[in-house]
Amino acid sequence: MIWLDTLVQGLLLGGLYALFAAGLSLVFGIMRLVNLAHGDLIVLAAFVVLVVVEATGLNPFLSALIAAPALFAFGWALQWFVFNRVLGKDILPPLLVTFGLSIALQNGMLEVFSADSQRIRVGALESASVDLGLVTVGIMPLLTFASAVAVIFTLNQIFYRTALGRAFRATSDDPVTASLMGINPRSVFAVATGLAMVIVTIAALYLGMRSNFDPSIGPARLIFAFEAVIIGALARFGAR
Amino acid sequence: MLETHSLTASYGQFKALFGIDITVAPGECVAIIGANGAGKTTLLRSISGVLRNAPGMVVHKGTPIGTLPADAVVQRGIAMVPEGRKLFPSLSVEENLLIGGQVRRGDARWTLETVYALFPILKERRLSPATALSGGQQQMVAIGRALMSNPELLLCDEISLGLAPVVIRDIYAALPRIRETGAAVVIVEQDITRALAVADRVYCLMEGRVTLTGPTASTTRDAVHAAYFGDAA
Ligand SMILES: Nc1ncnc2c1ncn2[C@@H]1O[C@H](COP(=O)(O)OP(=O)(O)OP(=O)(O)O)[C@@H](O)[C@H]1O
Ligand SMILES: [Mg+2]
C-alpha cells in the first residue's frame with residue numbers, strides 16, 4: 001500500500017503549504033499586494049517562536065500563542081509605515097519594496113541568528129504516530145493539516161460573518177467608495193497584514209517543528225506558497 | 001451648515017473647478033445642474049473628501065474640512081450617493097446597507113427596518129448580490145447605504161442616471177421621506193425640470209464656474225438655458 005501511504009502523506013504535507021499560502025493569499029486578495037518577502041516573514045516568525053521557547057521554556061504551541069500578538073503588531077506596523085506608502089496604481093513599487101524587504105530580512109536574520117540551522121523541538125510528539133489500519137500517519141502532519149483546515153475555516157467565517165470581513169471585501173472591491181462608508185482603507189490593510197502575520201506564525205510553528213530552518217530558506221517557502229495559490233487555485237480571500 | 005469658499009479642484013494639470021462658492025442650510029434641498037463635464041461630480045467629490053482641497057475651501061458648521069479624508073467627512077454627517085452607484089459587488093444587498101451603517105451617528109433614524117420600509121423591494125432581495133439587482137433597485141441600495149449613517153447632509157450624484165422614467169419617479173418619491181428626518185439634500189441632476197421641481201434652490205455650473213444661482217421658485221427656464229449653455233446659446 002505504498003501508493004496510499006504516499007497519497008496520505010502528500011495530502012497532509014499539503015496542509016503546511018496551505019498555511020504558507022493563506023497569508024499570502026489574504027494580503028493579495030485585499031490589496032493586490034504580492035508580498036515577495038512572505039517566505040522570509042515565515043522564517044522570521046519561526047525564529048521568534050524559537051526565541052520565546054528558549055526564553056520561557058514553554059512548549060512551542062504556547063510560545064506561538066505568545067509570539068502571535070507581537071507578530072500581528074509587527075505586520076500592522078509594516079503595512080502602516082511601509083507598504084501603505086507604495087500601494088497605488090503602479091504595481092512595481094510594492095514589488096520592489098517587498099523584494100528589498102526579503103533581502104533585508106535574510107541578512108538581518110543571518111546577522112542575529114547566524115547561518116546555523118535550527119529546529120523547534122517538541123519532544124516525543126515529533127515521532128508519535130497513529131495506526132489507521134492501511135496507513136500509519138504522524139501526529140505532527142495530522143496536527144498541521146487540522147490547523148490548516150481550522151485556519152481556512154476561521155478566515156472564511158471572518159470574511160463572511162463579521163463586520164471586519166465586510167470591510168475587507170468592500171475595500172478589496174473599491175477602496176474609494178469604502179472610504180465614503182467611513183472606512184479608512186489604510187487601516188483595513190494594516191489589520192489584514194497583521195492577521196496575515198498571525199497565520200504566518202502558525203505556518204512558522206509547523207515549519208520549525210517539522211524540519212530544520214535557517215535564514216536562507218525563505219524564498220523557497222514563498223515558491224511553495226505561490227504554487228499552492230496558483231496551481232492549487234486556492235480561492236483568493238476577499239476577491240471574486 | 002456647509003459652505004465652499006473659492007473651491008478649486010484639478011485632475012493633474014487639468015483644472016476642473018475655478019472658485020466655486022455654494023452654501024447649504026440645514027434641512028434645505030439644493031439642486032446642482034450643468035452640462036456633462038461642468039464639474040458637478042468634481043464638486044461633490046471635493047465636499048465628500050474623495051478629492052482633497054485647501055482646508056478653508058470646504059467649511060462644515062464653522063470647521064474647515066477641505067483636507068479631511070472621506071472617512072472622516074462621513075463621520076461628520078455628510079454622506080454621498082456616488083455617481084454610477086458604486087455598490088460593492090462582493091457584498092449582498094443587506095451587507096451593502098450594513099456597511100453604510102458602520103458609521104452610526106446619533107439616534108438611529110435610519111436602520112435596516114426603516115430603509116426596507118422606504119424601499120420594500122430591497123427586503124425581498126436582501127440576500128442577493130448587490131449587483132444582481134436591476135438598475136433602479138441598485139440605486140435604492142446606494143441611497144439606503146448612504147442613509148444608514150444617519151447623515152445631516154446627503155449628497156446625491158445623478159440618482160436618475162440610466163433609469164426609466166417610472167423608476168425615476170419611484171426613487172424621487174423617497175426624497176420627501178428623507179427630508180422629513182431633517183436632513184439637507186444636495187441633488188446633482190441632468191433633468192432640469194425635475195431638479196427645479198424638487199429643490200429649494202439651484203446652482204448651475206458651466207465649465208467649472210457657477211453661472212446661475214437662486215431660489216427655484218423665481219428661476220425661469222430662459223435663465224437656466226442661458227446659464228447652462230453660455231450666453232452664446
Ligand atoms: N478622474 C479624472 N481625471 C481627469 N479628468 C477628469 C476626471 N474626472 C473628471 N475629469 C474632468 O473634469 C471635468 C469635470 O468632470 P465632472 O465629472 O465633475 O463633470 P460632471 O459635471 O459631473 O459631468 P457629468 O454630467 O458627465 O457627470 C471634465 O472635463 C472631466 O473630463
Ligand atoms: Mg457627474
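Which residues are buried in H1(B)? In this predicted model, the buried residues of H1(B) are B:Lys40, B:Thr42, B:Leu43, B:Leu44, B:Ser46, B:Ile47 and B:Ser48, where buried means under 20% relative accessible area, exposed means over 50%, and partly exposed lies in between (1.4 Å probe, protein chains only). Helices (H or I, at least four residues) and strands (E, at least two) are DSSP runs numbered from the N terminus.

Residues are numbered from 1 along each chain as its sequence is written, while chains are lettered from A and ligands numbered from 1 in the order in which they are written. Because this is a predicted model, local features need pLDDT of at least 70 and side-chain atom pairs count only at pLDDT 80 or more, whereas totals for chains, interfaces and linings use all residues; side-chain values use heavy atoms, with hydrogens and water left out.

- Just after H1(B), the backbone of B:Gly49 takes a positive phi of about 95°.
- B:Gly49 is also touched by B:Pro69, which touches B:Arg52 as well, when residues up to four places away in sequence are not counted; contact here means heavy atoms within 4.5 Å.
- B:Pro69 lies in the loop between strand S7 (63-64) and H2 of chain B, and at 25% relative accessibility it counts as partly exposed.
- From B:Pro69 to B:Asp170 the separation is 101 residues in sequence and 33 Å in space, C-alpha to C-alpha.

**The interface of chain B and chain A**

- On the two sides of the interface, 20 residues of chain B are in contact with 19 residues of chain A.
- The area buried between chain B and chain A is about 1,700 Å², of which carbon and sulfur atoms give 62%; buried area is the accessible area (1.4 Å probe) that two parts lose on being put together, summed over both.
- B:Asp71, B:Phe88 and B:Ser90 supply 30% of the area that chain B buries against chain A, more than any other three residues.
- The rule finds one salt bridge across this interface, a salt bridge being a side-chain nitrogen of Lys or Arg within 4 Å of a carboxyl oxygen of Asp or Glu.
- B:Glu95 forms a salt bridge with A:Arg169, and the closest N and O atoms of this pair are 2.6 Å apart.
- Helix H2 (70-75) and helix H3 (93-100) of chain B each supply at least two residues of the side of chain B that touches chain A.
- The residues of that side of chain B divide into 11 nonpolar, five polar and four charged, where Ala, Val, Leu, Ile, Met, Phe, Trp, Tyr, Cys and Pro count as nonpolar, Asp, Glu, Lys and Arg as charged, and the others, Gly among them, as polar.
- Between chain B and chain A, four residue pairs (both at pLDDT 80 or more) are in polar contact, which is a pair of N or O atoms within 3.5 Å; within protein, one must be able to donate a hydrogen and the other to accept it, and residues adjacent in sequence count only if both atoms are side-chain atoms.

**Salt bridges within chain B**

- Over all chains, the structure holds seven salt bridges.
- B:Glu28 forms a salt bridge with B:Arg201, with the closest N and O atoms 2.5 Å apart.
- B:Glu28 lies in the loop between strand S4 (23-24) and strand S5 (29-34) of chain B, and B:Arg201 lies in strand S11 (residues 201-206) of chain B, so the pair ties together parts that are 173 residues apart in sequence; B:Glu28 and B:Arg201 are both buried.
- The side chains of B:Asp200 and B:Arg179 meet in a salt bridge at 2.9 Å, N to O.
- Since B:Asp200 lies in the loop between helix H8 (192-198) and S11 of chain B and B:Arg179 in helix H7 (residues 165-179) of chain B, the pair ties together parts that are 21 residues apart in sequence.
- B:Asp200 is partly exposed, with a relative accessible area of 33%, and B:Arg179 is partly exposed at 24%.

- The 26 residues of helix H8 (residues 185-210) of chain A should span 38 Å at 1.5 Å a residue, and the end C-alpha atoms are 37 Å apart, which agrees; the expected span is 1.5 Å times one less than the number of residues.
- Of the 26 residues of H8(A), 20 are buried, so the helix is largely enclosed by the rest of the structure.
- A:Asn184 caps the N-terminal end of H8(A), with a side-chain oxygen 3.0 Å from the backbone nitrogen of A:Arg186.
- A:Ser172 is found in helix H6 (residues 163-173) of chain A and is buried, with a relative accessible area of 11%; a polar atom of its side chain lies 3.0 Å from the backbone oxygen of A:Gly29.
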